[in-house]
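I opened the model today to look up its salt bridges and what they connect. My notes follow in the order in which I made them.

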Amino acid sequence: MSTAGLFHFPTPLTRICPAPWGLRLWEKLTLLSPGIAVTPVQMAGKKDYPALLYLDENELEEQFVKGHGPGGQATNKTSNCVVLKHIPSGIVVKCHQTRSVDQNRKLARKILQEKVDVFYNGENSPVHKEKQEAAKKKQERKKRAKETLEKKKLLKELWESSKKVH
């Protein structure tokens with residue numbers, strides 16, 4: 001008996017895969033072969049804010065400057081650092097996270113879009129709300145750690161006092 005017969009899968013398999021940056025949903029769906037069901041799933045750690053303000057390219061001023069930081073001559077002599085300015089608000093973003101100019105441009109626009117949204121919407125911005133939640137969770141973790149430390153100290157004192165009695 002062959003082992004191929006043991007592994008029988010149903011014909012319509014579902015595939016979940018991340019698609020390349022910049023593709024619209026229908027383009028992502030056409031990457032997969034026809035007849036396969038697709039479930040769009042957000043990748044872990046990647047937040048998508050559909051409600052952010054739209055950035056008009058006419059309101060942006062873009063410059064490419066020389067890089068900085070570790071990497072030596074490869075980063076210090078190439079102009080792959082992107083400086084992006086939103087003219088109406090005056091917000092400036094400098095992005096040099098990768099060696100690729102295209103990736104830095106995309107990242108700079110995403111960061112600028114988030115900053116502009118916080119600038120105009122303030123506390124109603126989803127980015128601001130997420131930062132508030134993260135700060136609140138951090139404060140709660142800090143409080144729990146402090147309480148745990150106090151409990152340990154109290155337990156240690158009780159244990160030492162019980163040793164002295166005996």
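**Entry 1: a first pair.** I looked up E57 and found that E57 forms a salt bridge with R109, with the closest N and O atoms 3.0 Å apart. I noted the cut-off: a salt bridge needs a side-chain nitrogen of Lys or Arg within 4 Å of a carboxyl oxygen of Asp or Glu. E57 sits in the loop between α1 (25–31) and β1 (60–65), and R109 sits in helix α3 (residues 101–121), so this pair ties together parts that are 52 residues apart in sequence.

**Entry 2: what I am reading.** This is a predicted model, in which local features need pLDDT of at least 70 and side-chain atom pairs count only at pLDDT 80 or more, while totals for chains, interfaces and linings use all residues. Residues are numbered from 1 along each chain as its sequence is written, and side-chain values use heavy atoms, with hydrogens and water left out.

**Entry 3: cover.** Is R109 buried or exposed? R109 counts as buried, at 18% relative accessibility. E57 has 43% and counts as partly exposed. The classes are buried (under 20% relative accessible area), exposed (over 50%) and partly exposed (in between), with a 1.4 Å probe and protein chains only.

**Entry 4: E62 and its partners.** I then checked E62, which meets R105 in a salt bridge of 2.7 Å, N to O. E62 lies in strand β1 and R105 in helix α3, so the pair ties together parts that are 43 residues apart in sequence. Both residues are partly exposed: E62 has a relative accessible area of 27%, and R105 has 29%. The side chain of E62 also meets that of R109 in a salt bridge (3.0 Å, N to O). Here strand β1 holds E62 and helix α3 holds R109, so parts 47 residues apart in sequence are tied together. Through shared partners, the salt bridges join E57, E62, R105 and R109 into one network.

**Entry 5: the whole protein.** How many salt bridges does a search of the whole structure find? The search finds three. I listed four helices and three strands, in the order α-β-α-β-β-α-α along the sequence. Helices (H or I, at least four residues) and strands (E, at least two) are DSSP runs, numbered from the N terminus. Of the 166 residues in the protein, 16% are buried. I also looked at contacts (heavy atoms within 4.5 Å). Among contacts between residues at least 6 apart in sequence, 42% join residues at least 24 apart.
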